[in-house]
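Thanks for taking a look at this one with me.

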Amino acid sequence: MVKILSVDDEAPIEMMMKHHFRRKIRSGEYEFYFAHNGLEALAVLANTPDIEIILCDINMPEMDGLTLLAKVNEMHNPAMRVIMVSAYGDMANIRQAMNDGAFDFVTKPIDMDDLALTIEKAIGQIHYVHESQKEHTQLKSLKEDLVSAKEIQQSFLPRTFPPFPEDSDKLDIYASMEAAKDVGGDFYDFFRIDDDRIALVIADVCGKGIPAALFMAVSRTIIHSKGMQGVSAAECLKESNRLLANSSTNYMFVTVFYAILNTKTGLVTYSNAGHNSPHIVRADGTIEQLPVDGQFMVGIFAEEEYADKTLQLEHGDTLVMFTDGVTEAMDSASEVFGTERLNGILRSQESGAGSQEIVETIRAGIAEFVGDAEQSDDITMLVVKRL
């Protein structure tokens with residue numbers, strides 16, 4: 001029901017309105033309220049705040065239409081529409097009313113058919129405002145949900161450093177994940193398998209936003225659960241792939257680098273499912289990049305096989321794992337950060353630099369390179385240094 005307030009000191013106006021709009025009144029489409037001046041109108045509005053169309057005469061006793069229009073504007077109701085009614089010869093006041101925010105005007109003697117069209121036009125705009133307000137409320141609610149989702153997603157990731165105090169004399173581990181949107185698809189993980197072995201995981205779900213975040217949560221849980229069973233890196237990826245591929249929708253997949261580090265010997269057994277090849281910064285400052293082995297991403301083909309490879313971390317060596325948001329970070333000219341800039345930062349580090357310092361220096365380098373450009377992808381790093 002559209003509630004309309006007619007404000008006019010001429011008594012016949014009320015009869016004209018009730019007669020012309022009688023069908024809409026009977027059907028419940030319109031409900032009319034009447035006042036004879038601005039003061040009465042304000043009292044009606046106070047008692048019926050959901051009135052959203054006002055038909056307002058300009059020349060009235062006690063409070064005229066222009067003053068009433070100013071009072072209505074102070075209510076800050078974006079859906080309110082005021083239609084001014086005045087004699088044709090009063091164009092100066094009509095122009096003033098339009099400048100002060102009136103929606104439209106009709107002249108006396110009132111052409112009721114023209115007034116009906118003007119009211120319908122006002123109703124259309126009011127509906128549009130209500131839909132916009134509804135969408136705004138939904139977006140605000142979604143934003144609040146995304147903030148909560150971000151907090152929940154961050155809680156999935158280990159954030160206590162150093163993570164293994166009992167091995168703090170052997171290993172220096174640090175990681176960070178910075179989502180491009182409120183929530184992201186990247187993740188890292190590390191957990192103890194047994195007294196001598198620690199699992200290291202870094203992964204990147206295809207896409208961004210909520211779908212990627214949901215798939216990230218499932219992927220991280222499955223890989224973590226399989227890894228805790230003590231299986232090899234290749235077997236962990238194989239079983240995780242089978243479970244994800246059989247339940248994946250919309251062709252979602254995840255690239256994963258999964259490694260098992262022996263804390264006593266420094267031997268790393270790893271399997272790479274389509275992920276960026278980590279870099280090794282040797283104790284003497286030289287940088288090596290693990291070879292690309294061509295194994296397929298996790299979550300597409302259920303029967304995919306994976307193989308184990310090994311590398312040796314000597315004392316002072318650092319394993320730098322990252323997602324493509326690092327090397328593919330773009331500046332305003334769409335130039336990518338690239339591998340060479342990453343290696344340049346790694347070479348510039350002092351031999352005694354810790355894992356956290358390395359991560360933060362890379363992040364600072366990316367931020368300086370990107371400048372004011374919008375972050376294009378999640379940026380995630382996991383760095384392990386053998387002490």
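**Notes on helix packing and cysteines**

1. In helix α1, Met16, Met17 and His20 meet Met112, Asp113, Leu115 and Ala116 of helix α6, where contact means heavy atoms within 4.5 Å. The residues of this contact divide into 5 nonpolar, 1 polar and 1 charged. Here Ala, Val, Leu, Ile, Met, Phe, Trp, Tyr, Cys and Pro count as nonpolar, Asp, Glu, Lys and Arg as charged, and the others, Gly among them, as polar.

2. A word on the model before going on: it is predicted, local features need pLDDT of at least 70, side-chain atom pairs count only at pLDDT 80 or more, and totals for chains, interfaces and linings use all residues. Residues are numbered from 1 along each chain as its sequence is written, and side-chain values use heavy atoms, with hydrogens and water left out.

3. Helices α1 (residues 11-20) and α6 (residues 112-156) have axes 11 Å apart and pack at an angle of about 70°. The two are therefore roughly perpendicular (angles under 35 degrees count as roughly parallel, over 145 as roughly antiparallel, 65 to 115 as roughly perpendicular and the rest as oblique). Axes are lines fitted to C-alpha atoms, for helices over the stretch in contact, and angles run from 0 to 180 degrees between N-to-C directions. Helices are DSSP runs (H or I, at least four residues), numbered from the N terminus.

4. Next, look at α3 (residues 38-47) and α4 (residues 65-73), whose axes come within 9 Å and cross at roughly 25°. That makes α3 roughly parallel to α4. Gly38, Ala41, Leu42 and Leu45 of α3 make the contact with Leu68, Lys71 and Val72 of α4. Sorted by type, the residues of this contact are 5 nonpolar, 1 polar and 1 charged.

5. How do α7 and α8 lie relative to each other, and at what angle do they cross? The axes of α7 (residues 209-228) and α8 (residues 233-247) come within 9 Å and cross at roughly 140°, so the pair is oblique. From α7, Phe215, Val218, Ser219, Ile222, Ile223, Lys226 and Gly227 meet Cys236, Glu239, Ser240, Leu243 and Leu244 of α8. This contact divides into 7 nonpolar, 3 polar and 2 charged residues.

6. Finally, the cysteines: the structure holds 0 disulfides (pairs of cysteine sulfur atoms within 2.5 Å). For Cys206, the closest cysteine sulfur is in Cys236, 19 Å away and too far for a bond.
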